[in-house]
Structure formats: structure tokens, C-alpha cells
Amino acid sequence: MNILPQPFGIHETALRAKSRQLELLASNLANADTPHFKARAIDFKQVMGQVQQDALKTTDTRHFPLGEDAGSADGVKYRVPFSASVDGNTVEMSVEQAQYGKTATEYRASLMFIENRTNSIKRALRGE
Amino acid sequence: MSISNIFGIASTALNAQLVRLNLTASNIANASVVAPSEGEAFRAKRPVFQALLDKEKLNAGAQYLGGVKIHSIVDDKTPAPTIYDPTHPQADANGYVYKSNVNEVGEMVNMLGAARSYQNNVEVVNTARELMLRTIDIAKT
């Protein structure tokens with residue numbers, strides 16, 4: 001019996017995608033001084049779009065509702081820099097820092113949604 | 001998992017920036033060294049960074065795919081400036097001594113760059129740690 005097929009909805013996938021994004025941004029920041037390094041980031045539109053397609057493709061009750069690796073599915077793309085640098089490095093410190101801050105905030109938001117959900121499920125179980 | 005990878009990636013960057021900072025310190029310390037020949041003159045050392053993107057090149061279990069490493073340390077190829085000083089104990093037959101090719105102003109700028117990059121990566125670790133702690137806290141609610 002499966003009462004709650006997807007207790008956390010899209011946030012589970014979102015959290016996985018966000019943590020992958022944080023990892024890529026950390027890698028970009030680490031290689032800010034590496035010649036010829038190309039900055040990479042996740043295309044969320046593609047990753048989350050895949051999730052929705054996968055959800056539609058579950059045609060049997062025994063199918064898992066979301067692909068286990070839906071969040072870590074590739075969607076990694078190279079950044080187009082605002083201004084090219086001579087050494088071929090496309091990491092732009094300000095862009096990466098801003099993105100890192102944004103993604104960290106979005107990660108916190110997803111965490112909060114999951115926390116709220118666990119709280120309400122608990123309350124339902126207690127019958128309050 | 002991904003968040004714990006960030007610690008590995010950031011630590012490779014901290015390590016690389018620290019090597020760069022060390023080289024800068026060494027260059028500045030040797031800025032006024034003179035030598036009796038062009039070949040013996042001190043040359044500024046420069047780190048060459050390389051991204052760790054190849055899975056095969058990593059040690060098994062090491063979690064720093066996407067980090068950075070010091071590929072090699074190369075000498076600055078700028079010719080060593082010569083100074084005519086026949087009274088100098090290290091002067092050659094023609095009375096010349098060879099100074100190191102360290103550009104002190106350039107080294108100071110390099111030092112600031114390395115320090116800023118280091119701080120940047122410390123900040124990355126701080127944020128990742130905070131997010132990880134909050135994720136663990138879900139289990140407590």
C-alpha cells in the first residue's frame with residue numbers, strides 16, 4: 001500500500017539538482033585561475049523538464065514515479081561569458097558568486113518545503 | 001553526495017592558491033638576489049593550474065572531481081636585468097652582475113589575487129557546511 005507516492009513532490013528532485021549545481025559552481029570557483037577552463041552550470045529548464053516527461057511516462061503501477069537519478073541527469077552546459085579573457089578561461093568571478101548565493105538560497109527554500117511537508121505528515125499520523 | 005564533494009573541490013583550490021601564495025612569497029624574498037651569470041640568476045616561479053576533470057587521473061575514493069591541481073611550476077622567461085657594478089664581489093669578468101627578474105609590483109598584485117581566491121573558496125566551504133547542517137536537521141524535525 002502506497003499512501004504517499006511522492007511525499008515531497010518536485011522538491012526531492014529540485015534538491016538533488018541544486019546540490020549538483022552547487023558542486024559545479026564550486027568547481028568553477030576553484031578553477032577561476034586555471035587557463036583554458038570552461039565554466040559549466042546546470043540548465044534547470046532541461047532537468048526539470050525531463051522530470052515532468054518521466055512522470056508522464058509511468059504507464060504501470062510498478063514503475064517508480066520519478067527516475068532515481070532524475071536530478072543528477074545531465075543538463076550540464078558550458079557558460080557563455082560576458083567578456084572573453086585572453087587565457088581562454090570563461091569563469092567570471094562575480095557571476096559565479098552571484099549564482100552560488102542564489103542556488104544556496106533556493107536550496108534552503110527547497111529544504112524548507114520538505115521540512116514543512118514532513119511536519120504535516122507527522123501531524124496527520126498523530127491525528128491532531 | 002554532491003554537497004560533500006564541494007568540500008573536496010574547495011580544498012583542492014585552497015591548496016593550489018596556497019602554493020601560489022608561497023611562490024609569490026619566495027619570489028619577493030629573492031627579488032634582490034644577484035648572480036655572477038645569466039644562467040645562475042634567480043627567476044620568478046609561476047604555478048600552472050590544471051583542472052581535475054578526468055576520472056581516471058583521480059585516486060580511488062578521492063572526492064575532488066572538478067577541483068584544481070598544480071600541473072607544474074615554471075620559471076618566468078623574462079631576461080634577467082644586468083647591472084654594471086665592477087666593485088661587486090659577484091661581478092663577472094666584464095663587471096656585470098645579473099639581477100633576478102622578479103617584478104615586485106607584479107608579485108604584490110599576484111599575492112592579492114591569490115588571497116582573494118583563497119577567501120572565495122573559504123566562503124564556498126562555509127556555505128556548503130551550513131547547507132549540509134540544515135539538510136541533516138530535516139531528520140530532527
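A polar contact is a pair of N or O atoms within 3.5 Å, where, within protein, one atom must be able to donate a hydrogen and the other to accept it, and where residues adjacent in sequence count only if both atoms are side-chain atoms. By this rule the side chain of Arg43(B) reaches the backbone oxygen of Thr78(B) at 3.1 Å. The model is predicted, so that local features need pLDDT of at least 70 and side-chain atom pairs count only at pLDDT 80 or more, while totals for chains, interfaces and linings use all residues. Residues are numbered from 1 along each chain as its sequence is written, chains are lettered from A and ligands numbered from 1 in the order in which they are written, and side-chain values use heavy atoms, with hydrogens and water left out.

**Chain A as a whole**

- Chain A has three helices and two strands, where helices (H or I, at least four residues) and strands (E, at least two) are DSSP runs numbered from the N terminus.
- Read from the N terminus on, the elements of chain A follow the order α-β-α-β-α.
- Of the 128 residues of chain A, 39% count as buried; buried means under 20% relative accessible area, exposed means over 50%, and partly exposed lies in between (1.4 Å probe, protein chains only).
- The accessible surface of chain A comes to about 7600 Å², and 57% of this belongs to carbon and sulfur atoms; such areas come from the Shrake-Rupley method with a 1.4 Å probe, and for residues only the protein chains shown count as cover.
- Among the contacts in chain A with a separation of 6 or more, 77% are between residues 24 or more positions apart, contact meaning heavy atoms within 4.5 Å.

**The interface of chain A and chain B**

- At the interface, 28 residues of chain A are in contact with 29 residues of chain B.
- The size of an interface is often given as the accessible area lost when the parts come together.
- Chain A and chain B bury about 2500 Å² between them, with 58% of it on carbon and sulfur atoms; buried area is the accessible area (1.4 Å probe) that two parts lose on being put together, summed over both.
- Glu23(A), Asp33(A) and Arg108(A) supply 22% of the area that chain A buries against chain B, which is more than any other three residues.
- Between chain A and chain B, eleven residue pairs are in polar contact (both at pLDDT 80 or more).
- On the side of chain A that touches chain B, α1 (11-30) and α3 (93-126) of chain A each supply at least two residues, and α3(A) gives the most, with 13 residues.
- The residues on this side of chain A divide into 13 nonpolar, seven polar and eight charged, where Ala, Val, Leu, Ile, Met, Phe, Trp, Tyr, Cys and Pro count as nonpolar, Asp, Glu, Lys and Arg as charged, and the others, Gly among them, as polar.

**Salt bridges between the chains**

- Three salt bridges are found across the interface of chain A and chain B, a salt bridge being a side-chain nitrogen of Lys or Arg within 4 Å of a carboxyl oxygen of Asp or Glu.
- One of them joins Arg134(B) and Glu115(A), whose closest N and O atoms are 3.8 Å apart.
- Another is formed by the side chains of Glu130(B) and Arg108(A) (2.7 Å, N to O).
- Glu130(B) lies in helix α2 (residues 104-137) of chain B and Arg108(A) in helix α3 of chain A, so this pair joins two chains.
- Glu130(B) is partly exposed at 32% relative accessibility, and Arg108(A) is partly exposed with a relative accessible area of 22%.

**Salt bridges within chain A**

- Over all chains, the whole structure holds 13 salt bridges.
- In one of them, the side chains of Asp43(A) and Lys77(A) meet at 2.9 Å, N to O.
- Asp43(A) lies in the loop between β1 (40-42) and α2 (44-56) of chain A and Lys77(A) in strand β2 (residues 76-78) of chain A, so the pair ties together parts that are 34 residues apart in sequence.
- The side chains of Glu96(A) and Arg79(A) also meet in a salt bridge (2.6 Å, N to O), and both Glu96(A) and Arg79(A) are buried.

**The surroundings of Arg43(B)**

- Arg43(B) is found in the loop between β1 (34-35) and β2 (45-51) of chain B, and at 19% relative accessibility Arg43(B) counts as buried.
- A polar contact of 3.2 Å joins the side chains of Arg43(B) and Glu38(B).
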